[in-house]
Amino acid sequence: MKPAVILFPGSNRERDAARALRLVAGAKPNIVWHAEHELPAGTDLVVLPGGFSYGDYLRCGAIAARANIMDAVRAHAAKGGLVLGICNGFQILCEAGLLPGVLVRNARLRFVCREVVLRVERADTAFTKAYRKADLIRIPVAHGEGNYTADEATITELEKEGRVAFRYARPDGQIDETDGPNGSINGIAGIYSEKFNVLGMMPHPENYIEPEIGPTDGRGLFESLAGALKAA
Amino acid sequence: MKARVIVTLKSAVLDPQGKAIEGALRSLGVNGVQSVRQGKVFDVELAGNDRDVAEVALKEACDKLLANTVIETYRIEFA
């Protein structure tokens, strides 16, 4: 496994993402500056970390999505390479056109920083094999613009193709978008690309990987990636 | 040459910020405000004086960066 974590001006979770990849997946991630034109040779996973790239100027992720390195990330994804965008990384993937839709201001206008319950919608992807379908996992969110929206045709397509990765759920597993942290359509917390090799999600699995900190429900995602890339 | 680009949310997209401003105006006692939607204005200075050339450049700027056409529309005005 050879991950590259992309660093944009204003990213601030790149070290946590790299730490999770080290501790859980046993990887040695490269931190790659956004102005680079190429990913390190042999990169098999690109992670776009959380933060506030370019201070969220214009729109969240809009300017980072046009960085030099994004052409290389696009080429990597087009070849079927794995890409994970967390929080601001998810916003960047949407702005870059690697995922459909967009993340807009939370419905209740507040920045939300708390633990949420996610329902794992499928456990057969490179990102979720270590979970079981319909598992309820506890993962923290911290965002002001996590309200996923897209036109009706896009939402219908995502649902039909089973491309919703995680939904905000109640502790009993029921999905109620009015209970969610941000007003996302259908409780969407994360989505896959058409080929399931690109995942964007608002919650931060890298926060919950060590028992000293609290729950460890985020480990599954990094264990899944380690498994998928070892097998490849 | 000077131009102004106005980017607004499509009418079908909810605008919670506009709603909050609307509520604030109401609580300030400003009468007759039925609804508010927030947008962005970019004042752009362009080299040259050819309006058609400028319009092409500004459209490119909007499609590539200034607007996210999933949720926003834009309008270009010349001074």
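The following exercises, with worked solutions, concern a predicted model.

**Exercise 1.** Determine which residues the "active site" annotation covers and how they are arranged in space.

*Solution.* Step 1: the unreviewed UniProt entry places the annotation "active site" on A:Cys87, A:His204 and A:Glu206. Step 2: these residues are spread over 120 residues of sequence, yet they cluster in space, with a largest C-alpha distance of 11.1 Å.

**Exercise 2.** Locate A:Cys87 and A:His204 in chain A, and decide whether each is buried or exposed.

*Solution.* Step 1: A:Cys87 sits in the loop that lies between strand E4 (82–86) and helix H3 (88–95) of chain A. A:His204 belongs to the loop between strand E11 (198–201) and helix H5 (219–231) of chain A. Step 2: the criterion for a buried residue is 20 or more other C-beta atoms within 10 Å of its own. A:Cys87 is buried because it has 28 C-beta neighbours inside 10 Å. A:His204 is likewise buried, because 21 C-beta neighbours lie inside 10 Å. Step 3: apart from neighbours within four places in sequence, A:Cys87 is in contact with A:Gly50, A:His143, A:Met202 and A:His204. With the same exclusion, the contacts of A:His204 include A:Gly50, A:Cys87 and A:Pro140.

**Exercise 3.** Describe the nine-stranded sheet of chain A, and explain why one side of each edge strand is left without a neighbour.

*Solution.* Step 1: the sheet is open, its pairing is mixed, and its strand order is E2-E1-E3-E4-E11-E10-E9-E6-E7. Step 2: strand E2 (30–33) and strand E7 (136–143) of chain A are at the edges; each has a single partner strand, so one side of each has no neighbour in the sheet. Step 3: neighbouring strands are turned against each other by 25 degrees on average, direction ignored. Step 4: strand E1 (residues 3–7) of chain A runs parallel to E2(A), and four bridges join them. Within this pair, A:Ile6 has A:Val32 in E2(A) as its bridge partner. Step 5: helix H1 (residues 14–23) of chain A packs on the sheet and touches E1, E2, strand E3 (45–48) and E4 of chain A. The direction of helix H1 makes about 170 degrees with that of E1(A).

Technical notes: Residues are numbered from 1 along each chain as its sequence is written. Chains are lettered from A and ligands numbered from 1 in the order in which they are written. This is a predicted model: local features need pLDDT of at least 70, side-chain atom pairs count only at pLDDT 80 or more; totals for chains, interfaces and linings use all residues. UniProt positions are given in the numbering used here, feature names are shortened, and annotations may be inferred rather than shown by experiment. Helices (H or I, at least four residues) and strands (E, at least two) are DSSP runs, numbered from the N terminus. A residue is buried if 20 or more other C-beta atoms lie within 10 Å of its own, exposed if 12 or fewer, and partly exposed in between; C-beta atoms are placed from the backbone. Two residues are in contact if their C-beta atoms, placed from the backbone, lie within 7 Å. Two strands pair if DSSP finds at least two bridges between them. Axes are lines fitted to C-alpha atoms, for helices over the stretch in contact, and angles run from 0 to 180 degrees between N-to-C directions.
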